[in-house]
Amino acid sequence: MSYLSLPRLVFAGQFQADPSTVNNDPEHFDDRHFQSSYQLLGNDSNFSNNGWWNPAGTGSWRLRHCQVTSVCYQDGSQSVDPNYDPVIGLPLTDADNRVAGKIVDLDPEQQMVSQLWGFSVTLGPAGSPIRFRGDFAVAPFADIWCIVNHSGFSNSTAAAYYQSVLENLNWFSTDAAQSGSRFLRELFQHAAGAPARLSIKFNIDGYDDEPDSAGFTFGRIVGCIGLSLDGEPRHFVPGRRLFAVSNPSPAASLNDAIAVIEQNRLTLDLGNSLPTASSGGPRSDNGPLALVSQPGVNGEPYLLLGEIDYRAPGWHERTAGIVSFPLTQQTADRIAAQPLALQQLSTQLDILQENANGQWVRADQFVYRMSPNDAAEVKFYASQFGQPLPQAQISLTLDPSALQGQQQQGPIPGPTPGMPTQAMEFAKSLTTNASGQATLRLHAGDPGNPRGYIDGQVYCIGYQLGPQAPQIGSQSNYAFQISALIFDAYVQPATPDWMHDVRPILQQYADLYPIMRKIVDLSNYASLLRNIYALKNVFSAPEHDPNYMPVTRDLSPAKRKMLLAWLDHPVYMRMDSVEELKEALQLAIELEHATLPPYLTALFSIKPGCNTEVAALIRSVAMEEMLHMALMSNLLIAIGGKPRFNHARFIPDYPGSLPGGLRADLQVRLRKCSIEQLRAFMSIEQPAAMAEPVSGQITSADPLIPSDNTIAWFYDKITQSLTTLSQQGKIRFGHPERQVTDWPGAGQLYLIDSLETALQAIREIQSQGEGNSPDDPCDVDHELAHYYKFAQIVNGKRLVKTTQGYEYSGPEVPFDPQGVWPMQDDPMLSSFPPGSRARLLATQFNHSYHAMLNALHEAFNGEPTTLGQAVSLMRSLQLSVQQLVQTPSGRDDGLNAGPTFSRPAR
C-alpha cells in the first residue's frame, strides 16, 4: 500500500528550492584559489560562471500556496468539491513551528540526487478539525528528465519526483467522525485508527531560475498522499514499471511510469511521465493515449484497458497524473503476465513499455554518507509483473563514469583516474529471497583524500538483474545506481585551534555560502566567538534537523566532533613551537599587507591636487604598513623561516575579513576615499583603549564594544611566544645575510639579531598602529599613530593635547568629496565588460601587482639586492592605478573603474 492506494488525496501549488550555486563548480571548494567574484551572480547568458544563478541561496526548501485539489475514495470515486469533503481546499504547508527544510546535494561531483532534509508537512490551518503534521523522511529526487518537449536540459526544463513517508505524525484531532470528511473516515478505518505513517510522492517541474523573475527559485509541485504500511519500500513503488521507448515518434518524448493492480483495479502513475509544451505549462498534446496490454505469449491481441484524458484542463493538478481503471477478473487474470504499454492511438505506437519479461529491480534508499569503517545496508526489491521475484540474481559493479559530466568550470580533482577503489567494498552478486528482496552490505574504507580540497570520494555502484554486471556508463538514471560519499579518515587533535584545524573547514563554508555572513562570518575568528552559543546549537543538532550546520551535510562526523570540541575551548592559535611561531609571523606579514590595497585604493582615488593633507596622512600610514610587513619578514627570516609573498591567497578577498579572522564584524573593502571608508580604516587600526574616541559610528550595526581580537592583541600573543621560546633556548636569531635592510621608504628597517630587537620591532608596529598607550596617541617616533591620523580626517580637525588630555580641536583637516574620482565600490575584474578598457587596465594592474609580490618574495628569500625591482614596480603601480580610477567602468553607470587586487586567472 502506498500513495497509489485508496483512499488518497491530491495537492498542488508551488515549491521553493533556494540552493546556493557557488558550489556548482568543484574548483570553488579550493579555498587557496577562491576568488570573491565566485560569490557574484553569473554574468554570461546562462549565468553559468562566477557564482552561477543563485550565489546568495539559503539552501531552503519550502511549500507555497499548496492546497488539496481532490480526493479519491475507497470505491474509486473522486471529488473536487469542498462542500462534499472539507479536506478539499485545505492548505498544505511546510513547518509552521520551525525553520524551513533544506535541499542538499550529495557532493559537487554528484548533484543529481539532491535530498530534502528537515522538511516537515502540515495539512490544515491552525484550529482546523482536519489537521496533521509529519516529518518527511530524508529522500533524494528520482527520475530526473527534460519534461519540456523539443528543448535542451536545464533547471527550467527539468522534472523529477520525490517519494518518501511522513513519520512522527501529530494528528491534532483523532476524531475522524467529527471532521465531516469522508476521506479522513476511510483513511482512519484502513489504518484502524490515526495512521502512524503516510506515503507521499510529489512531482516537481517548471522551476524558475531567472534571477530577475518575480518567481525566481519557485516551481510547480503536484503530489499525492496515502497510507504507508510496514515492509514496503519508502521511496518507490515496486509495481509494474513502464519504461520510455527511445524516440517512438517526433511528437512524443516521455519518462517512465509505474502501474499497480490491487483488488481488480489498475492504477497508473503518469505524474512524471508526460511532456509539457512549456516550462510549468500544460501537458503537450500527443493525441489520444491509452493504456494497453501488449500481445501475450499465446498470441493474444492488444487489449485496450482505458484511454487517458490527460488533455482536459487542470488534469495534472487535479489527478497528480494518476489514472485508474476497473478490471474484470477475467481481464486481471489475462494481463497478470502480459506486458503493459502506453500507446499513441493515432499511430498505434507504444511510447512506454513494460519489459517483455516484466522484470525489474531497484534499491529503496540509494544515497549514502559514510565514514571509514562504517557499514550500510542497501535493500533491493525485484519484481516480475508487479509480483515479488524470488531467486533472482542481481549483479553489481563500481561505475566511476557516473560522476562525469557534472556541472563544472576549470580544472577539478576528478573521480578518475586515481579513485581509491579499495575504500568501497561490496559483493558483486546478490540473490533475492522468497519475497524478492536482497540486502547489499557496503563497507567503507579510507579514500585517503584523493581530491585534495574536497573531503572524501563519491562512489557509484551500478546494478541490474542477471549474471552480467552492467556496463560502465550504461545507466543514466541516477535512481538506478547507489551513490555513496565516503569521508576521509580524520584524527582529532588533542587541542584543536582556529588557524590549523577550524579555519580550513569553516573558510570553505564561508566561501561557498556567502548568505551565512549575514548571520555569522565563518571565516572570522572573532565573529565566531560572538556566536559560540548559537554555533554549539547548530553543530550539535541532529543531522535531520533543519537547523543543522552546515546546510550541505558534507561535514564528516569526525570533523563535526572536532568543531564542537573547539567551540568548548576556542583556542586561536598554538605558538608553543618554532614552526607554529613561524606560521604566526607569516600571518602577521599577511595582516600588514592586507591593509595596503584598501589604503592605496583610497589614496589614489583622490584627484591630483585635491585633498592634499588627507592624501599625505593616508600615504604616511601606507608607507609604515609596508615597513611593518618588512619588519615581520626580517623577524621570520631571523628565526629560520621563509616569508611567502606569492602563495595563492596572500592577497585576501575584498570585501572580506582580515587574514586570520581577526576583528569581528569588520569587512575590509576596496572603496574610494570617503569619510565612511576612513572610519573603516579606524576600525582596522582600533586600539584596545584610546586617548580620544571619535563620536559617531559608520552604521547603527557597528559594535559599541571594541573587539578583543585586534591586530595588537595578535602581536601580544607573538610577543609571549617569542619570549617563551627564546628563554627555553628553542629559537635563535640570525641569518643577517638574508634579511633586507636597504629600505627605500619611511622609517628604519633593521636587522633582527636578538630577542631585544625582535620585541623592539613589534613594539614599533603596535605603537605606530594604535599609539604608545591609552593616554598617549603617539608612536615611538612621536608621530600620531595610524588610528588617530585617520580620526583627524574624520573629525575634520587635528588632534591636539589639552590640559584635559587630547581632543580634536586643532587646525582644520579639510576633505572635499568632489576631489575624489567616482570609483565604484569593491571593483572586481568580472564586473568590467569583456573587451573594455577598464578590464584591460585592471588585468594589467593585477599582473603588475603580482610581479611586485614575486619581486618581494625573491628579495626576502635570499636575494636582498633585488628589492630595487620591487620598488620600481611599486612606482609603476601608482601610475597604473591612477589611470584606472580615471577610466569609466564600461557599464554606462557613471562610475569609474578601480584596482581589483585579484589573482590572475590560473
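Colleague: Why is Cys 460 called buried?
Modeller: The relative accessible area of Cys 460 in this predicted model is 2%. Buried means under 20%, so Cys 460 is buried.

Colleague: What makes Cys 146 count as buried?
Modeller: Cys 146 has 19% relative accessibility. The cut-off is under 20%, and Cys 146 therefore counts as buried.

Colleague: How many disulfides are there?
Modeller: A disulfide requires a pair of cysteine sulfur atoms within 2.5 Å. By this rule the count is 0 disulfides.

Colleague: Which residues does Thr 397 touch?
Modeller: Leaving aside residues up to four places away in sequence, Thr 397 touches Phe 426, Cys 460, Ile 461, Gly 462, Ala 469 and Pro 470. Thr 397 itself belongs to strand 26, residues 393-398.

Colleague: Why does Thr 397 count as buried?
Modeller: Its relative accessibility is 18%. Buried is defined as under 20%, so Thr 397 counts as buried.

Colleague: What makes Pro 493 partly exposed?
Modeller: Pro 493 has a relative accessible area of 21%. Buried means under 20% and exposed means over 50%, with partly exposed in between; Pro 493 is therefore partly exposed.

Colleague: Where does Pro 493 lie, and what does Pro 493 touch?
Modeller: Pro 493 is in the loop between strand 31 (481-486) and helix 5 (498-512). Apart from residues up to four places away in sequence, Pro 493 touches Asp 501 and Met 562. Tyr 381 is 112 residues from Pro 493 along the chain, and their C-alpha atoms are separated by 44 Å.

Colleague: Let us turn to the packing of helices. How are two packed helices described?
Modeller: The description uses the angle between their axes and the distance between the axes. For helix 11 (residues 612-638) and helix 15 (residues 786-795), the angle is about 165° and the axes are 10 Å apart.

Colleague: Why are helix 11 and helix 15 called roughly antiparallel?
Modeller: Their angle is about 165°. Angles over 145 degrees count as roughly antiparallel, and helix 11 and helix 15 are therefore roughly antiparallel to each other. Helix 11 passes helix 15 in a left-handed crossing.

Colleague: Which residues make this contact?
Modeller: Helix 11 contributes Val 614, Leu 617, Ile 618, Ser 620, Val 621, Glu 624, Glu 625 and His 628, while helix 15 contributes His 786, Lys 789, Phe 790, Gln 792 and Ile 793. By class, the residues of the contact of helix 11 with helix 15 are 6 nonpolar, 4 polar and 3 charged.

Colleague: What makes helix 16 roughly antiparallel to helix 17?
Modeller: The axes of helix 16 (residues 837-859) and helix 17 (residues 867-884) come within 9 Å and cross at roughly 160°. With the limit set at over 145 degrees, helix 16 is therefore roughly antiparallel to helix 17. The crossing of helix 16 past helix 17 is left-handed.

Colleague: Which residues of helix 16 and helix 17 are in contact?
Modeller: Among them are Leu 841, Phe 845, Met 852 and Leu 856 of helix 16, and Leu 873, Met 874, Leu 877 and Val 881 of helix 17. The contact of helix 16 with helix 17 has 17 nonpolar, 4 polar and 1 charged residues.

Colleague: What does the protein chain comprise as a whole?
Modeller: Its secondary structure comes to 17 helices and 33 strands. Of the 906 residues of the protein chain, 59% count as buried.

Methods: Residues numbered from 1 in each chain as written. Predicted model: local features only at pLDDT ≥ 70, side-chain atom pairs only at ≥ 80, totals over all residues. Heavy atoms only, no water. Buried < 20%, exposed > 50% of the residue type's maximum accessible area, 1.4 Å probe, protein only. Helix = DSSP H or I, 4+ residues; strand = E, 2+ residues; numbered from the N terminus. Contact = heavy atoms within 4.5 Å. Axes fitted to C-alpha atoms, helices over the stretch in contact; angles between N-to-C directions. Parallel < 35°, antiparallel > 145°, perpendicular 65-115°, else oblique. Left-handed = near helix turned anticlockwise from the far one by under 90°. Nonpolar A, V, L, I, M, F, W, Y, C, P; charged D, E, K, R; others polar.
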